[in-house]
Amino acid sequence: MIVAYKVRHTTKFEYPIPVTVCHNIVCLSPRPDARLNINHASITITPQPTVVAERLDAFGNITHAFSIEASHGELTVNAEANLLVSAPFFATADPPWEQVVASLDQQADPNWFESSTFRFGSMLVSRDQAAREYAERVFTPGRPIHEASLALTERVNKEFAYKPGATHVDTSSKEALSNREGVCQDFAHVMLAALRSLGIPARYVSGYLRTIPPKGQARLIGADQSHAWVSVYMGPELGWVDLDPTNNMHAMTDHIPIAMGRDYADVAPIRGAFLGGGESKLSVSVDVEQIVDA
Amino acid sequence: MREEWRAIQSSLNGLGPKTIEARRARAQQRLDDNGILLTGPHEVTQPHLWPLDPVPFQLGTNQFAFLADALAQRARLLNVIAGDLLGPQRSIREKVLPPAILFANPHYQRAYHGLPVMGGRYIHLYAADITRGDGGNWWVQGDRTQAPSGLGFTLENRIAIGRVHSDLFSQLNIKRHARFFQTFRDTLTTLATNRSPNPHIVLLSEGPVGHRGFEDAYLARYLGYTLAVGEDLAVRRNRVVLKTLGGALPVEVILRRINDEACDPVELNAQSRLGVAGLVEAQRQEHLAIANMLGSQLVESPALSAFLGPLCRFFFGEDLKLPTIATWWCGQPAQKQYVLDNLKTLYLYPAFQGTGPPIVPASLTARQLSDLIERIRLTPEQFVAQQRLRRGTTPAWNGEGYEPWHWALRMFATMDGDDYTVLPGGLVRLAREDSMLDFEPSHAERTQDCWVTAEGQADTLSLLAPSHQPVELKRSGSELPSRVADNLYWLGRSMEAAENRARLLRALIMRVEMDGTRAEVPMDQDWARLLNLLDDEELPKASTHQRIKRAVLDTPRPGNMRHAIRECVRLAQSVRDRLSLDAWRLVARMERYLLQAVATNPIQDDDLTDVSALLNHLVLELVAYGGLMSESMTRTLGWRFLDLGRRTERAQRTVDLLEATLIKPMDEERPMLSTLLDICDSAMTYRTRYLAEMRPEPVIDLLLTDDINPRSVAYQLKLIRKHISKLPHDPGLPESDADLVLSQSLLDQVRSADPNFMAVRSPNRVNLDRLIKEINEQLPILDQALTARYLAHTELPKQFTGIERAFPEDGLAESDAP
């Protein structure tokens, strides 16, 4: 199954005092991926940047580094893309999780090198005792990895309260795990910490989720949100499987992946530093529209 | 006993213990005068990192040849490994290096990967900590590849020891250091992106505070580079520039003394206030070379040292000539088991952070030990263990003879064309207790200069002497960073404030002594006006003697003497790369005198004898300092800002004095007039002009309106106006000459005032009062205009959506590491 989308993501900063210089990196362009066909993608920055450079980061994401060296009271970054998302295919093989880990440790798995970078701690995900204990309750000895990962997804979904505002962009897996609440980013971080504490490669995926309006109501433009889920490496046959702990499901064609990394910090949509500005006001609007006659 | 030591020992014995001790004291004095008097915000008197031993540490010709060869190999190897880890990662793909060595390293910022390499090298300056075990084998204890410290101290030790032992240097044919520094400088020049023979190179420092700050300033001056901190630099159009009074100057090469992660808050650690926003992108666009390369931290990980042997065979097909002390990385099951089985005999380190102190399992409590074991089990790849080594000893001086102390040696290598050159010498740390040296690099009891004997003629190149090469002559000074100009301005103000304060206090003591007043009798009302200039409101009830004494010796607070001198030292320290050594020594010495007086004078008693002598002394030093400044500083912008500060402060202080004493005339004014002339150092001029007749009109003229007396207000305003007219002015800006207009109008008002008219009493001197009020109003406005134009502190960049958090090191993050 293939679904076509038009995605628009607008980020706007308003400054009470003009900003004289800013340096930024945005990570908002869809990353080339087997399940994603990119028909069109663009990034529009207002005001016109002094310099801008597009490149692939270490994870293969498309980033834009830009700076604006003229005084400005507003900064808008508009990312648009037309995309085709195809449904994943799951192999039926489901090896015990220890076997996947051992094969990676012994550098026998054909993907041992590429997955290595996703097996350890990262800025917001730590392999601590609590994460390990949390994982071990689901990852019992000999349990098949796909089954166990789904069970972990369900467990996080059931045990954590979805609570916007309870956490920040830099809340770590450790805090989220102990507070049992947060948003999609925290759900993903907790799951990553659990998986990696066992040595299972797991990565953070940022993107969008198509929302379906309640019956009888029109779709609200711009009311969608950025979303995040995880991708778990399950051995050479299953490969990377995307799981969404916030919604307790596989990421299928409703999930539109944009970038991936070890955690949120690797794929933050906009990072930067600026001079002047005062207390800036940030507004974000996301619009995910299915294109029916694609 | 080694051959070379015998030669040195016989030379030293020839001098005799008294001479050795005298030379020790002289060398130490030199270091103290160069003075790291300050290591923090407090008055910590730490003359040097560690005291310097007069006995040199000796490396024989053959020993040095072996070490130089082995360290050059090691530097080449680490450079190649850095290139591999930040590039193709062959060593991992081909299974020589376990992936965790790179990917579990919390300091591996993915932004380092794939950056262009300017000049083809990652490591331009390398340091190794070397030691020799009981068995006589040489070992490397750790590698430093990102921003090795210690080179400045090595140099300083060498210069201090070289001065006192110059006879031994030629007698024993000791190798010089200058060639090494010349090579290092040439290397940095070749990195420049614009291929200019004289590229702009800055040394990026953490700042003036602490021993690293001292070393940075010392190195910058020796190498001839601009000393900068992060806020002096900015990125514009992907190019790094130095923000100066004359505008933005392009920078081609940065010799950085800060960590990799601190270099750029946009792409690296968002919390860093030491770096420059956009620096990584500037490097990526090949507009900048950084020494050492960003990411070179990766190859100083203790974890990597367990694999250097195999990596050397992998990359070079040869054996590693100088091994690291036995190291076990716990990321491999067998090694982890060994470490857990032998925990108490080993030192543990965070696998990816080589600069901290070791964890010593043998000294942990049972509970701490079990926590440690749990953390090793959870994140084994975050730990390495190292064998504990018993270090050899070397002769150290005990005042009369030698005694054996344990030693550790830091050696340095610099990129030299296709290879590396090793410094014939190094920084030697000594301690009586062997284990103290394990807590490197900050622990030791003493330091020694390291001597390498040359075969044949020792090279006598010196960077301190003028080079024979023709240089491009430069006369401008507009490359002055705005921050430095600000500090110089305030240094000028502080010096003048200190001098004025000292002169005022001296005059008060003279008055007290002349009156023969006993402590409990309060000063008469007229004279109390001067006393009240001391800004010591919190002491209204104290006796005159106490107030004077406290103004000099009390703990620093704004307005008192110690605070004034403290400010001079602090500001001089922050711009010490712009001051001559003599100037710096003078400032440092003043604080030493003051502290000595504090130590020997109980503040409670009313004895002012020592205080009076101290003030005389300080006035002399401050006058000498002012003279030194005006004589030995070239008339660059830096000097102008220093002098602007002095003139502004002097004008203000003189006006304050006149206001306090003359507006409300006293019945008998003559003694006060005479004292005013004393405080303002104009008594002699007065006497030549008017002999002994003391009248208010000529005094007012001399101190206020006479623009040829260097102490008058008019003279200060004249110079202020002149300095401002020489500052870079931007004609494009409409407000650009507000400061010039202001200074001119102030000068005109003061110069045109008639002293006779000013002296008129009715009964107060209202005319004088009006003029002084005008000056008091205008001077701060002028000061603000100047600050806004040139000195406004560059704002620090703010972050958004940056991750404001330190890096967790997995199991280590939550630990309270012992």
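Domain bounds here come from an automatic or database domain assignment. On that basis, chain A is divided into domain 1 (2-86 + 268-290) and domain 2 (97-267). This is a predicted model, in which local features need pLDDT of at least 70, side-chain atom pairs count only at pLDDT 80 or more, and totals for chains, interfaces and linings use all residues. Residues are numbered from 1 along each chain as its sequence is written, chains are lettered from A and ligands numbered from 1 in the order in which they are written, and side-chain values use heavy atoms, with hydrogens and water left out.

Start with chain A. The centres of its domain 1 and domain 2, taken over C-alpha atoms, are 24 Å apart. The two domains of chain A touch: 26 residues of domain 1 are in contact with 30 residues of domain 2. Contact means heavy atoms within 4.5 Å. About 2200 Å² is buried between these domains of chain A, and carbon and sulfur atoms give 56% of it. Buried area is the accessible area (1.4 Å probe) that two parts lose on being put together, summed over both. On the domain 1 side of chain A, Phe59(A), Val286(A) and Val288(A) lose the most area to domain 2, together 26% of what that side buries.

Now look at the backbone. Most residues other than glycine have a negative phi, and most peptide bonds are trans. Gln107(A) has a positive phi, near 55°. Gln107(A) sits in the loop between helix H1 (97-105) and helix H2 (112-116) of chain A. Helices (H or I, at least four residues) and strands (E, at least two) are DSSP runs, numbered from the N terminus.

Chain B has cis peptide bonds to find. One runs from Ala291(B) to Asn292(B), with omega near -10°. Asn292(B) is in the loop between strand E10 (289-291) and helix H11 (302-305) of chain B. Another cis bond links Ser762(B) to Pro763(B), with omega near -15°. Pro763(B) belongs to the loop between helix H27 (755-758) and helix H28 (766-791) of chain B.

Next come the domains of chain B. They are domain 1 (3-37 + 51-194 + 301-325 + 389-452), domain 2 (480-633) and domain 3 (649-658 + 675-682 + 695-818). Domain 2 of chain B puts 18 residues into its contact with domain 3 of chain B, which puts in 15 residues. The area buried between domain 2 and domain 3 of chain B is about 1600 Å², with 56% from carbon and sulfur atoms. Arg493(B), Glu496(B) and Arg503(B) supply 31% of the area that domain 2 of chain B buries against domain 3, more than any other three residues.

Finish with helix packing in chain B. Axes are lines fitted to C-alpha atoms, for helices over the stretch in contact, and angles run from 0 to 180 degrees between N-to-C directions. Helix H18 (residues 561-574) and helix H19 (residues 581-600) of chain B pack at about 150°, with axes 9 Å apart. That angle makes H18(B) roughly antiparallel to H19(B). Angles under 35 degrees count as roughly parallel, over 145 as roughly antiparallel, 65 to 115 as roughly perpendicular and the rest as oblique. H18(B) passes H19(B) in a left-handed crossing. A crossing is left-handed if the near helix is turned anticlockwise from the far one by less than a right angle, and right-handed if clockwise. Residues in this contact include Ile565(B) and Val569(B) of H18(B), and Trp584(B) and Leu594(B) of H19(B). By class, the contact of H18(B) with H19(B) has eleven nonpolar, one polar and three charged residues. Ala, Val, Leu, Ile, Met, Phe, Trp, Tyr, Cys and Pro count as nonpolar, Asp, Glu, Lys and Arg as charged, and the others, Gly among them, as polar.
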